[in-house]
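Here's a two-chain structure to explore through some questions and answers. Have a look at it, then read on.

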Amino acid sequence: MSYLEYNVKTVPSGLRKVLFVNWPLALLLAAVACLGFLMLYSVAGGRLEVWAEPQMKRFVVGMLAMFIVGFIPIWFWRNVSAVVYLGALVLLVAVELFGDVGKGAQRWLDLGPIRLQPSEMMKIALVMFLAAYYDWLDVKKVSRPLWVLIPLIFILVPTFLVLKQPDLGTAILLVAGGGIVMFAAGVSLWYFGTVLALVVALVFAVFESRGTDWQLIEDYQFKRIDTFLDPGSDPLGAGYNITQAQIALGSGGWAGKGYMQGTQSRLNFLPEKHTDFIFTTLAEEFGFVGAFSLLILYALIVGFCIFSGLTNRDRYASLLTYGIAGTFFLFFMVNMSMVTGLMPVVGVPLPLVSYGGTAMIVLLAAFGLVQSAHIHRPR
Amino acid sequence: MRRSPKDNLESHRKISRRGLMLGGIQAAAVLTLTYRMRHLQVDQADQFKLLAEENSIKIRLLPPARGLIFDRSGAVIAGNEQNYRITITPEDAGDPEMVLERLQALIPLSPEDLDRTRREIARRSPTLPISIADRLSWEQFSLVAVNAPALPGVTTEVGLSRVYPQGPDFAHVLGYVGPVSDYDLSKLEDPDPLLQIPRFQIGKLGVEAKLEDALRGKAGTRRIEVNSSGRVMRELGRKEGDAGANVQLTIDRRLQNYVQARLGVDSAAAVVIDTLTGDILAISSAPSFDPNLFVRGISSADYRELTENDHRPLADKSVQGAYPPGSTFKVVTALAALEAGVVGLDETVWCPGFLKLGDRRFHCWKRAGHGHVHLTQSLEQSCDVYYYDIAQRVGIDKIAAMARRLGVGEEFDLPMSAISGGLAPDKDWKKRTYGKDWLIGDTLNAGIGQGFVLASPLQLAVMSARVASGRNVMPRLIRAIGGEETPVAEPAELGINPAHLAAVRRGMFDVTNARRGTAYSARVVDDTMRIAGKTGTSQVRNITAAERARGVISNDDLPWNRRDHALFVCFGPTDAPRIAVSVVVEHGGGGSAVAAPIARDIILQAMAGGTPPLTAYPESQRNRIESERNELQLMELPPPDGKGQSRA
């Protein structure tokens, strides 16, 4: 069933929409963000103005964006999905041509007063566009090769642009995020199985090729893999970040060292302590209890989204909700796996907690889409 | 686009199924992550806690205060002063060149300091701090400290640095300290970790080097919490090290100062020794240098000045110098002959001005000859022929043995650098060294302290002390280490017939007190401080027969470095000797004219325990002595603060 088909009059209008907002979701998001402020205050050594305060301002802007996006009917968003995707794609190309180089990668687009990270926007735009695609596509055609190939192109074009920046973390998130929407849309599991088998085979081939004349990746890349597999092999070089992060995490113990008492972060042993590695500070200062609590908050956010998707009979709305929830899930999962040593370091921030403007606002705006789907669901 | 309700329902079911699957996968992932966190944070927590501590807690060594060195009165002659300095740890600096550049904008850095810092950065481990500059003023020091945030890796430190308040006076005795060099480290098998502290000072020469182990002390430790760039965040604990042991010397700093001043700019050495205990009261070599220059890092210009000076200020002539003792050695020949019984106390020898050996003539310094001389006269007038004769009679081996008994040719165990053993030659020695037989002419030359015989000023002072006391006096430089007195046993008798000793002393008494004595002009007229001595003038060149025929060129007409050495040994007071002195003036000319007056001034100063009354000098000399005293530049020496005495 599509929104074009059901009675628009059953949908709340005007200020009444406030009553239909998914409040538990909004409160959970705010709770996570508050935890983020707390940690940013701590890693700044008890100074508000360094990271916590700008982050709060962005949170306020992000929340406003969430409500504005949420109050706009979901069919409007579906109709502009393609435009948003194309816009994000143009920005990605623009960043390739005119972007600022930050930390050795082109990620920023300077638009006077605001600096944009188009790759952040693309994560959401891709999800929107794919949801719209499957909403439009005949259900019976979903698993046909041609109709599987088209969304793959939609995914791979921005992925390629992001890889060129180079930003491996975002590229992985784009592929995985797109994959989640395709999965939710009901693309045959065979495809996923085949891709998985191919990936495994490729990884195997890469390792086999090492030292031979048909070596598939560069030596330094092998070294990175080695470092991931055994961070102790190079504790002061590439393994430094992982080792220090694990030390911070592990030394937190059950209940942590206490707020603002983390020696690892306070003494600057932690790399990127306010961005990608902020979770380690949380784990060091609040221990397993704190880290697990954050994980539960994240899981609840995802859970509320999935529940909202399950109860929504609109295809676009469900797919969009799953897609955004999935992307969000990938964010924190990749980040946490990375700092706990389950995954190589790829540079993915902890959603809503890590310091970063575009990511925070874009993410909250994306949850605005979830809210819109929730508010305007067919009843 | 319209779809059938059936399609819609089916698609909703499918999507819901997939949604549930997604939820399931995500739940599984969350569980995995939880398990992983539990593993790290609960199971392995203790291990990681330890690692975190090791990360942030570092142990730094605290350099101990170097032991002080006191003179015999308890005054500090080698102390420590506060030294403000800055160090850089290249690893923490990131880009050391940039940091150095910024530092240069703040304080002036000498090109030498910069060069050395760059060299050390290139060579040493980046985790070790390297000293950039020393001895900053308080203003410069605080300027750097205030700007610390802009200067990563730069640390300001207050350390202790050696200072020698009496400067040149003790340069040769104490030596000096300097930063540990790679060469120093390479010599040690298991270097003390302290030596890794940048610019840690260790003794390089003299007492500072020889007593390094006692003076250095034990390192303290400081437990500090550092951040990842190595900057110290706070101090967790501190265990002070043990300061090095204080050392007290037997030297009297006032006397030392006087002796150094009295030697002045001559190339000379003087040793003052206690005839009963062997305590060295003063030991100087002139010209001297300021050891403080070396501690601070001597400039190449200053260093060149010291090495190119033909008076060799860096050499310690008092113990390193070995000179032909000249006539002062006649004391040895006389005692050897007397003890061997080859000459009687009253036996006379005829001196016609030379002694003929084969077709070679051995000349007396007095061409006209001394006529009949017996032992005391031979000493008094320093008759060479008398000694040619008795040396020939007693033989070189007995002379050499007597020389060693009196200290010539003996290498004394004193904590000073490069102590010379001198040389008391005998037949074996010549055979060993030159592969030639000992000639009788060698014996004649040795008999008057020429030829192969060599003695250091220290040995001459010991010889004089042993003759004066008749005991086997051993020189002593260290009075106490760490407040513990070094034992001093009463020296054993030499075992020389007292009558023989008395005769030699009598002869020496006449040297300075009889009208025909060679050092009569250097006499003391105060009966409580009379001195006995022996002059010596040793040639540093051969006088050929041809030259002798033309007439020996006077010293004043020779270039400085070919003039004779002037020597004088003496002891006093003659009724109960307490002090023995030796003076050597390199290329000074005659012993009686040059060395004896210096030795008299010094021994009087030592016997009087300060400036002696002018009445000690012969009346005719008092005006001259007084004006000489006024010209002498002595150091103002405040009384010791007493700190040293309690420890000594």
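Helices and strands here are DSSP runs, numbered from the N terminus, and a strand takes at least two residues. Keep in mind that this is a predicted model.

Q: In which strand of chain B is B:Asp274 placed?
A: Strands are counted from the N terminus. The run covering residues 268-274 of chain B takes in B:Asp274, and that run is strand 11.

Q: Is B:Asp274 buried or exposed?
A: The cut-off for buried is under 20% relative accessible area. B:Asp274 has a relative accessibility of 7%, so this residue counts as buried.

Q: Which backbone nitrogen does the side chain of B:Asp274 reach?
A: Leaving out residues up to four places away in sequence, B:Asp274 touches B:Asp279, B:Leu281, B:Val473 and B:Arg578. For the backbone nitrogen, look 3.2 Å from the B:Asp274 side chain, and you'll find the one that belongs to B:Thr277.

Q: Is B:Leu174 buried or exposed?
A: B:Leu174 sits in helix 7 of chain B, residues 171-174. Setting aside neighbours within four places in sequence, its contacts include B:Ile69, B:Tyr164 and B:Leu249. Its relative accessible area is 0%, so B:Leu174 is buried.

Q: How many Å apart in space are B:Leu174 and B:Val207, C-alpha to C-alpha?
A: Along the sequence, 33 residues separate these two. B:Val207 is also among the residues in contact with B:Leu174. From C-alpha to C-alpha, the gap in space is 4.6 Å.

Q: Which residue of chain B is in contact with A:Phe279?
A: Skip the neighbours within four places in sequence, and the contacts of A:Phe279 include A:Leu249, A:Ala291 and A:Val339 from chain A. The list also has a partner from chain B, namely B:Met37.

Q: How many salt bridges are there between chain B and chain A?
A: The two chains do meet: 41 residues of chain B are in contact with 60 residues of chain A. Together they bury about 4400 Å², 66% of it on carbon and sulfur atoms. Six residue pairs are in polar contact, but the salt bridge count is zero.

Q: Which helix gives the largest share of the side of chain B that touches chain A?
A: By class, that side has 18 nonpolar, 13 polar and 10 charged residues. Among the elements giving two or more residues are helix 2 and strand 8 of chain B. The largest share, 25 residues, comes from helix 1 of chain B.

Note on methods. Residues numbered from 1 in each chain as written. Chains lettered and ligands numbered in written order. Predicted model: local features only at pLDDT ≥ 70, side-chain atom pairs only at ≥ 80, totals over all residues. Heavy atoms only, no water. Contact = heavy atoms within 4.5 Å. Buried area = accessible area lost by both parts, 1.4 Å probe. Salt bridge = Lys/Arg side-chain N within 4 Å of Asp/Glu carboxyl O. Polar contact = N/O pair within 3.5 Å; in protein donor to acceptor, adjacent residues only side chain to side chain. Helix = DSSP H or I, 4+ residues; strand = E, 2+ residues; numbered from the N terminus. Nonpolar A, V, L, I, M, F, W, Y, C, P; charged D, E, K, R; others polar. Buried < 20%, exposed > 50% of the residue type's maximum accessible area, 1.4 Å probe, protein only.
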